[in-house]
Amino acid sequence: RSIRDQRHHDTSTALKKWIKAHASSGGGGGHGADKWQKFYVNQCCHEIMFDILFACYASMRRYRLQIYDAIAEQLNMTQAIADSMELSATDMARDAHKQKLVRQQQYRLLSNIFGAYFKNNFKQVLQRKLMAPA
């Protein structure tokens with residue numbers, strides 16, 4: 001989708017204005033804002049917005065995995081999955097690969113169960129995170 005089709009067009013416009021205003025103050029390698037082509041300013045804007053989007057995605061992924069870890073801990077999923085895979089406590093303690101397999105299975109199960117819930121109710125889930133004491 002084009003950035004113009006989304007609600008964040010105002011952010012893009014404000015960022016482009018900021019880039020143009022600050023380009024002449026040393027960021028343009030000797031070229032003033034008037035020398036920068038519209039294409040280059042758009043490219044800078046898109047790169048910054050992509051970096052922000054990527055950072056937000058990583059943050060949201062960490063938060064989702066924290067929720068999954070808390071649920072799994074309450075349900076003793078690690079032990080249940082290890083038992084179903086016939087892994088002993090010794091196997092789990094010694095073998096990082098087996099721990100990873102159990103964790104992947106745990107995330108797959110929780111994602112199948114809660115994935116749709118998070119997609120449909122992300123605003124309420126995030127609101128809880130934002131209102132939580134630091």
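# Exercises on helix packing in a predicted model

The axes of H2 and H5 approach to within 10 Å and cross at roughly 110°, where axes are lines fitted to C-alpha atoms, for helices over the stretch in contact, and angles run from 0 to 180 degrees between N-to-C directions. That makes H2 roughly perpendicular to H5, since angles of 65 to 115 degrees count as roughly perpendicular, those under 35 as roughly parallel, those over 145 as roughly antiparallel and the rest as oblique. This is a predicted model, in which local features need pLDDT of at least 70 and side-chain atom pairs count only at pLDDT 80 or more, while totals for chains, interfaces and linings use all residues. Residues are numbered from 1 along each chain as its sequence is written, and side-chain values use heavy atoms, with hydrogens and water left out.

## Exercise 1. The H2 and H5 pair

Task: identify which residues of H2 and H5 meet.

Solution. Begin with the elements: the chain has 6 helices and 0 strands, taking helices (H or I, at least four residues) and strands (E, at least two) as DSSP runs numbered from the N terminus. On the H2 side, the residues that meet H5 are Arg-64, Leu-65, Ile-67, Tyr-68, Asp-69, Ile-71 and Ala-72. On the H5 side, they are Arg-103, Gln-106, Tyr-107, Leu-110, Ser-111, Phe-114, Gly-115 and Phe-118. Contact here means heavy atoms within 4.5 Å.

## Exercise 2. The surroundings of Tyr-107

Task: determine whether Tyr-107 is buried or exposed, and describe what it touches.

Solution. First place the residue, which lies in helix H5, residues 96-120. Next, Tyr-107 has 16% relative accessibility and so counts as buried, the classes being buried under 20% relative accessible area, exposed over 50% and partly exposed in between, with a 1.4 Å probe and protein chains only. Then, leaving aside residues up to four places away in sequence, Tyr-107 touches Leu-65, Tyr-68 and Asp-69. The side chain of Tyr-107 also makes a polar contact with the side chain of Arg-103 at 2.6 Å; such a contact is a pair of N or O atoms within 3.5 Å, where within protein one must be able to donate a hydrogen and the other to accept it, and residues adjacent in sequence count only if both atoms are side-chain atoms. Finally, Tyr-107 and Arg-64 are 43 residues apart along the chain, and their C-alpha atoms are separated by 9.9 Å.

## Exercise 3. The buried side of H3

Task: list the buried residues of H3 and state which helices they pack against.

Solution. In helix H3 (residues 77-84), the buried residues are Met-77, Ile-81 and Ala-82. They cover an arc of only 130° around the axis, which puts them on the same side of H3, the arc being that of the directions from the helix axis to the C-beta atoms. Their packing partners are helix H2 (38-75), helix H4 (89-94) and H5.

## Exercise 4. H2 with H6

Task: describe how the axes of H2 and H6 cross, and name the residues in contact.

Solution. The axes of H2 and helix H6 (residues 122-131) come within 12 Å and cross at roughly 90°, and H2 and H6 are therefore roughly perpendicular to each other. From H2, the contact is made by Met-60, Tyr-63, Gln-66 and Ile-67, and from H6 by Val-125, Leu-126 and Lys-129.
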